[in-house]
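Here is a friendly walk through one protein model, from the whole chain down to a single residue. Please have a look at the sequence and the structure before reading on.

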Amino acid sequence: MSTDTTSADGENAIERAGRRLADVVERWMPSPFLFAIILTYVVFVVGIAVENTGPFEMVEFWVDGFWAFLTFAMQMVLILMTGFVIAYHPRVNDLLQRLAAIPNDGKQAVVLVGVFAMVLGWIHWGLSLIVGAIFAREMGKAAHERGIEVHYPLLCVAGYMGLGLTWHWGLSGSAPLLLNTPGNEFVELDILGGVVPTSQTIFSAYALTLTALSILFAAAVLYLLTPGPERSEGITEFVPETELFGTISDGGERSDGPEASSEDRSDGGEAVDDESAAAEPVPAERIDNSRILGGVIALTGVAMVVYTLATQGLDGWNLNVVNFAFLFSGLLIYQRPALYRERFGEAAEAAAGIILLFPFFAGIQGMMNASGLSETIAETLFAVSTPATYPVIAWITGAVVNMFVPSGGGEWIVIGPSVIEAAQDLGVPVGKATMAYAVGDAHTNLFNPFWAIPLLAITGIKAREMFGYAIAMLIALIPFLAVVLFVLPY
């Protein structure tokens with residue numbers, strides 16, 4: 001009997017398993033909004049069964065949870081929107097088009113998009129989500145033009161890998177940044193005696209090594225998952241060819257950037273006709289498009305970020321500083337206030353799905369938190385952990401809870417106390433515990449389509465058309481993460 005894992009048509013075992021899983025998911029996976037509604041009922045029933053909570057109480061917990069994290073929700077929306085605005089700058093889009101010309105076959109294209117998205121995810125999750133989506137679309141377009149066969153659903157998954165693996169270990173990771181924020185919930189509850197600096201989390205050798213190894217392993221899996229040319233479905237199978245070369249709003253044709261003159265745009269956004277272009281701009285239009293005003297305020301903001309990091313070091317890098325830095329960096333590269341305002345209008349459309357779904361997932365979180373279900377899950381898992389197995393248990397805990405509450409910071413507020421207290425009882429460093437948890441929180445984003453909503457809008461693909469391969473990536477990562485978390489020293 002032959003042990004060859006490659007079929008007669010060149011399809012390897014991993015590729016074949018991914019294709020079959022993709023077929024099943026495409027038939028059965030609901031839309032992200034319906035997915036949230038189904039999870040709501042699941043948590044409702046489990047809360048009643050496990051915590052002996054009354055149905056009316058669970059409904060009350062659900063309603064109360066809707067509004068529990070409005071501040072945090074706004075922080076998350078800002079991270080997404082500031083990343084979106086920078087990602088859609090014409091020079092950034094030009095760079096992506098040049099990068100898209102590098103690969104010579106479909107496997108190279110998928111790996112390049114995946115590695116790019118994962119590295120960018122470490123830098124800024126919002127930027128990775130948007131730029132990863134644009135890059136996936138640009139790569140699909142470039143492959144179509146060059147006659148390269150590449151499987152577009154897997155290309156989209158590659159563009160999502162920053163959210164699916166590396167983001168929570170990086171510069172915009174919610175849990176480590178929250179622990180480094182003065183006056184955070186854990187300090188106020190006396191769970192911690194003070195902030196946990198990012199030198200013990202994001203910038204620790206443990207986290208940096210974990211990130212590097214995971215990117216290498218994920219790149220190898222993406223390579224093996226990529227179908228051969230004869231089994232690939234290109235971008236035109238999912239996006240009409242007539243829609244491939246649109247405006248900047250879909251990552252296509254360049255629109256006016258900050259270098260555009262006032263003759264091109266009188267209000268920072270809309271094109272003007274010849275007659276209005278010839279007219280002298282009124283003072284209000286001059287102010288709206290003033291590079292001096294935009295540049296000065298942008299430089300002031302950037303200077304404050306530099307000052308904060310110079311005086312506090314990398315330990316000063318918290319959630320508010322992240323948003324502040326990207327907000328003013330975006331204004332600096334656009335310069336003109338009116339144009340920057342216009343780009344934010346486009347970013348709001350990309351964030352619409354998250355704004356809709358966030359209250360529903362917050363409601364789920366409200367039921368899990370108020371009923372005690374989250375703590376029960378965490379305490380049950382941590383009860384069987386040892387100092388050696390703790391990182392693996394923390395990863396599993398984050399992964400399980402994230403399937404129901406895909407908000408890194410929001411769920412960390414709920415189960416973080418259990419994670420930290422269990423670590424302290426076992427003598428595990430809090431920084432190590434936090435980053436191990438962060439692995440799980442990012443990992444199951446490959447199962448829950450919540451954060452993929454902006455990517456779906458940009459790439460033109462449906463969740464069920466790409467999430468079979470996302471789930472295949474999730475499964476492939478499980479043995480690797482289990483081993484590396486168990487053996488990697490802190």
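**The chain as a whole**

Please keep in mind that this is a predicted model. The protein chain has 23 helices and 0 strands. Of its 490 residues, 57% count as buried.

| Pair | Residue ranges | Axes come within | Crossing angle |
|---|---|---|---|
| H7 and H8 | 125–146 and 152–159 | 8 Å | roughly 155 degrees |
| H21 and H23 | 430–443 and 463–487 | 12 Å | roughly 175 degrees |

Let us take H7 and H8 to begin with. Their axes cross at roughly 155 degrees, and because angles over 145 degrees count as roughly antiparallel, H7 is roughly antiparallel to H8. The crossing of these two helices is right-handed. On the H7 side, the contact is made by Ser128, Gly132, Ala133, Ala136, Arg137, Met139 and Gly140; H8 contributes Tyr152, Leu155, Cys156 and Gly159. Sorted by class, the residues of this contact are 6 nonpolar, 4 polar and 1 charged.

Now for H21 and H23. With a crossing angle of roughly 175 degrees, these helices are therefore roughly antiparallel to each other. Which residues of H21 and H23 meet? From H21 come Ala436, Val439 and His443, and from H23 come Leu474, Leu477, Ile478, Leu481 and Leu485. The contact of H21 with H23 has 7 nonpolar residues and 1 polar residue, with no charged residues.

**A closer look at Thr397**

Thr397 lies in helix H19, which spans residues 390–404. Is Thr397 buried or exposed? Its relative accessible area is 0%, and because buried means under 20%, Thr397 counts as buried. Which residues is Thr397 in contact with, leaving aside its neighbours within four places in sequence? They are Ala378, Leu381, Phe382 and Ile415.

Methods:
Residues numbered from 1 in each chain as written. Predicted model: local features only at pLDDT ≥ 70, side-chain atom pairs only at ≥ 80, totals over all residues. Heavy atoms only, no water. Axes fitted to C-alpha atoms, helices over the stretch in contact; angles between N-to-C directions. Helix = DSSP H or I, 4+ residues; strand = E, 2+ residues; numbered from the N terminus. Parallel < 35°, antiparallel > 145°, perpendicular 65-115°, else oblique. Left-handed = near helix turned anticlockwise from the far one by under 90°. Contact = heavy atoms within 4.5 Å. Nonpolar A, V, L, I, M, F, W, Y, C, P; charged D, E, K, R; others polar. Buried < 20%, exposed > 50% of the residue type's maximum accessible area, 1.4 Å probe, protein only.
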